[in-house]
Each structure stands twice: as C-alpha cells, then as structure tokens.
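Welcome, and please take a look at the model shown here.

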Amino acid sequence: MKVNLVENSFEKEESEIEIYITDDIENTKDKELLDLLGFEEKDESVILLPEVGRIYVGCEDNDYDSIAIAISCAIKKFQSTKFESAKIKLDDLNLKALVEGAILGSYKFCEYKSEKKKVKKQELNICVPKITKEMQKEFDDSKIIAKSVNKTRNIVNTTPADFYPKVMADTAKKIAKENNLDCRIEGEEYLEKNGMFAMLSVGRASIHESKLIHLTYKPENPKKKVVLVGKGLTYDSGGLSLKPADFMVTMKSDKSGGSAVLGIMNAVAKLGLDVEVHGIIGAVENMIGGDAYKPDDVLVAKNGKTIEVRNTDAEGRLVLADCLCYAQDEIEDIDYIFDYATLTGACVVGVGEYTSGIMGRNIELKRSIVANALEAGEYATTLPFNRFLRKTLKSEIADISNIANTRYGGAITAGLFLDNFIYEENKDKWIHHDIAGPAFVEKAWGYNPHGASGAGVRMTLEFLKNID
C-alpha cells in the first residue's frame, strides 16, 4: 500500500474512493443510506458504498489509536476491492496516526502461500491544502517507523526452518549495510573465550551455531547513548524441560525481542536521530539432544555469577544475562540500557495479550517508557519489583536459580533475575520490556494482523525521538 501526502484540495483530488472517518453521520452526504444500512459511528464499524465510491468508518475518539484503527479498517475494506486509488482529507485528524495506521493495517504475510495473489497497486492520498515543512517531516518519519514495524513483523513471522541464528546475523548485516551502521557478529568460540557460558549452554544442542550480534548507530555529537538488548530465540522447544506440543506452536515468535531491536536499528539512521544507539542480540536456538544443557546444571555467566538451572525452558533470561553483561563491558558511559523479550507467559496472564510489562528500579523512567508507549500507540504498564519476590530466586547451591520457587509473580521474578546482571552504576538506567503478550497474537486486533505485531519498535522510537 502506497501512502502519499498530497498538496491539493480533497474535492479536486482524483481518486476512485473517498474515505470518511466519522463520529457523527448526521452531516454526511449519505446519511439516509447509512441509516438504512444500519451503520453506527463506533470503533471498527466500516461500510463501503461502491455505487457512490465512499467508505465510511466509525471512530469514537480523536486520539492516535482510534484514528489509526479507523484508517486501518478503511484500508482493509479498500483492499478487498479492485479500486486502485483512495483519498482522505487530513482536516484535524492526526497525520502520524493516519500514515502509520494505513501502512500497518495494510500489512499481509503471504510468504508460505503456494498460490501467490497478485499484489494490487493501490494508493491512499492524504489531501491537505498546504504542506508545511513540519508536516512533511512527520509524514516521512511516520512512514519510516511503520515500515520498520512491518520489517520486524516479517522477521518474527518467518519460520524456524528459514530463520535460525546465522540468518538473524545475516539480516543484521543487511540492515547495517543499508543504514551505514557498524556491525559485529561473534560465534560460539567468542562466547566460550569470553565466559558467556549461560548463552552458550542454551544453544548447545542445536545444529545452528549461536550468534552474538552488535549493531551501532553513531551520529556526530549525540545527546545520549542508548543500548538495546534483544532476546533472539529463533526457536524454543523448551529444551529438556520440553514444552507440551500445543505450546511449541508459535515459538518462532520467541525471537520477537531481538527482531524488535533489528526494527529499531533499521529506523534510527533513517530518522536521523541525534542519539548513539547500540543494538545487541543473542541469537540462539533452544533444542534437545545429547549435548543439551540440563536441569541441575550450574552455569557461569559473563559477570561470574553462578546460575542453578531448574528449568531449561527459562532460557531467554540466560541469554539476556550474558548479553546484558557484554553490553556493559563493551560500551562505556551508557545513559540508558533497555532489554526486550518474550520472556514469560506470566506477563500475558497478568496484563493480557495486548500489553507489555515494563520493569526496572527507576520509577520515573518506567513511567516515561509507558507514556511514550501510549503516545506511540502501544499498550504498556509497569510491574513493581519487591524484596520478597527477590528471595524466591535463591539457590542453595549457586548464586541464583533461573526460576523462582513460587508459581506466582513469574513476570516480576524473571525481571528480578535479570537485575542480577545489571551493574550497580546502571541500575537506574535499565528497563526490562516483557513483550510476551502483544508480540505475537493468533488473531487480528486493531491494525495488527494475525501473528507478529512488531511490539516494542514504536514505543522505543518515540522515547528516542523525545530524549532530552
């Protein structure tokens, strides 16, 4: 779907379909017909009147999410036709919401369909009497952001047979080349030499070598230095603590955290942000076999902490532990360090499928992350650490256990586990994003399709754009 910002009056712009987002049909051209057809001005209510060439879509509010959902509904209806062009008047609508909602709502993943449908050349023209410099920038930035989200969705939706650690590393190289980023890829020999035995152990039984990926965007005179760390489990069988068959389905999505980091890094240079950004990903496949790591093993992480393994399906935190240590050892004077992971089913149980859990020690920073997420159109909420859940990670034989001794508060205890690998000087600079809920949902919601949503990309880019 091509989206254009057009300097022309709505009436003069030639298009086959007119789109109207409305919360009141009383003053519309087709009031009587809409009444007869039972159209209601409610969110996600959409109707096509082909004989007059108009699409009406209901919208109950004027915020980002309502507008983005409304335009995505209109675009889906438009895509179901053979019309090639549509137009909408900007008026007082949110330009960012229109652009991102249209691009995100038009997304389809059809790579594995044997019968390929011919891609229709359709375009949406957003009409405005005068395009200002600020308006053009907002339009251009919104296209970059939405396309980076869709790139993230493509990565997550790709099957484990076609996307394993080496492919993730190759994808990072392509993004680096396209955006003039520095790219460093390390394999298992490096992990062993540098004491990253937690990450190394998780991928030990796979035929695919684990990869440590480090992308760097470094503009002149950056205001801040931000490090992003992503869990890149290209597939997670659960290891010897094998998942039930039903729970193994969708585990291609366990790379969503690392994929989000790739999507963010794809956008930062294109947006020209004056922030130095490092993207670090632990690309690993957790499989079973004679060389698999085991419950009862004690692993040594990069910072020297020992970890008792009580469940091999709590593997993402082991990968992140070493990657977080690597980041802090390799990068000086960090201003913020964020990690992203589909870490716990407990987070989904706690806050639902559509919301990310935000954790860390810095209350103000957590609130800022949530505020930027909501501004960008993502749902997020904070989850609080506490001293009593911290005690549940105690191990009798090692420094820490990789799972808690209680079944409750699993999202928080996973975050508290990671806290053990954040150095003291960075404690207030660190945020953990548990994106297990929204990263991959097996039904369409709003402008998100079945499958990957690209969770984490928009909220982080919003934070980086607004950074002081």
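What follows is a briefing grouped by topic, from a helix pair to strands and single residues.

This is a predicted model, in which local features need pLDDT of at least 70, side-chain atom pairs count only at pLDDT 80 or more, and totals for chains, interfaces and linings use all residues. Residues are numbered from 1 along each chain as its sequence is written, and side-chain values use heavy atoms, with hydrogens and water left out. Helices (H or I, at least four residues) and strands (E, at least two) are DSSP runs, numbered from the N terminus.

**A helix pair**

- Helix α3 (residues 95-105) packs with helix α4 (residues 133-157) at an angle of about 30 degrees, and their axes are 9 Å apart. That makes α3 roughly parallel to α4.
- For these values, axes are lines fitted to C-alpha atoms, for helices over the stretch in contact, and angles run from 0 to 180 degrees between N-to-C directions. Angles under 35 degrees count as roughly parallel, over 145 as roughly antiparallel, 65 to 115 as roughly perpendicular and the rest as oblique.
- By class, 9 nonpolar, 2 polar and 6 charged residues make up the contact of α3 with α4. Here Ala, Val, Leu, Ile, Met, Phe, Trp, Tyr, Cys and Pro count as nonpolar, Asp, Glu, Lys and Arg as charged, and the others, Gly among them, as polar.

**An open sheet**

- An open sheet is formed by 3 strands in the order β11-β12-β16, with mixed pairing. Two strands pair if DSSP finds at least two bridges between them.
- β11 (298-300) and β16 (400-401) each have a single partner strand and stand at the edges, so one side of each lacks a neighbour in the sheet.
- β11 and strand β12 (residues 306-308) run antiparallel and are joined by 3 bridges. Leu299 has Ile307 in β12 as its bridge partner.

**An enclosed strand**

- Strand β9 (residues 225-236) is largely enclosed by the rest of the structure, because 12 of its 12 residues are buried. Buried means under 20% relative accessible area, exposed over 50%, and partly exposed in between (1.4 Å probe, protein chains only).
- β9 pairs with strand β10 (residues 276-286) in the parallel sense over 11 bridges, and with β13, again in the parallel sense, over 5 bridges.
- Val229 has Ile280 as its bridge partner in β10 and stands opposite Asp339 in β13.

**A buried glycine**

- Gly257 lies in helix α9 (residues 256-271) and counts as buried, at 0% relative accessibility.
- Leaving aside residues up to four places away in sequence, Gly257 touches Gly230, Lys231, Tyr340, Ala341 and Ile435.
- From Gly257 to Ile145 there are 112 residues in sequence and 17 Å in space, C-alpha to C-alpha.

**Positive phi in two loops**

- Thr250 sits in the loop between α8 (245-248) and α9. Its phi is near 85 degrees, a positive value in a residue other than glycine, and Thr250 is partly exposed, with a relative accessible area of 22%.
- Asp333 belongs to the loop between α10 (316-330) and β13 (336-341). Although Asp333 is not a glycine, its phi is positive, about 55 degrees, and Asp333 is exposed, with a relative accessible area of 65%.

Methods. Contact means heavy atoms within 4.5 Å.
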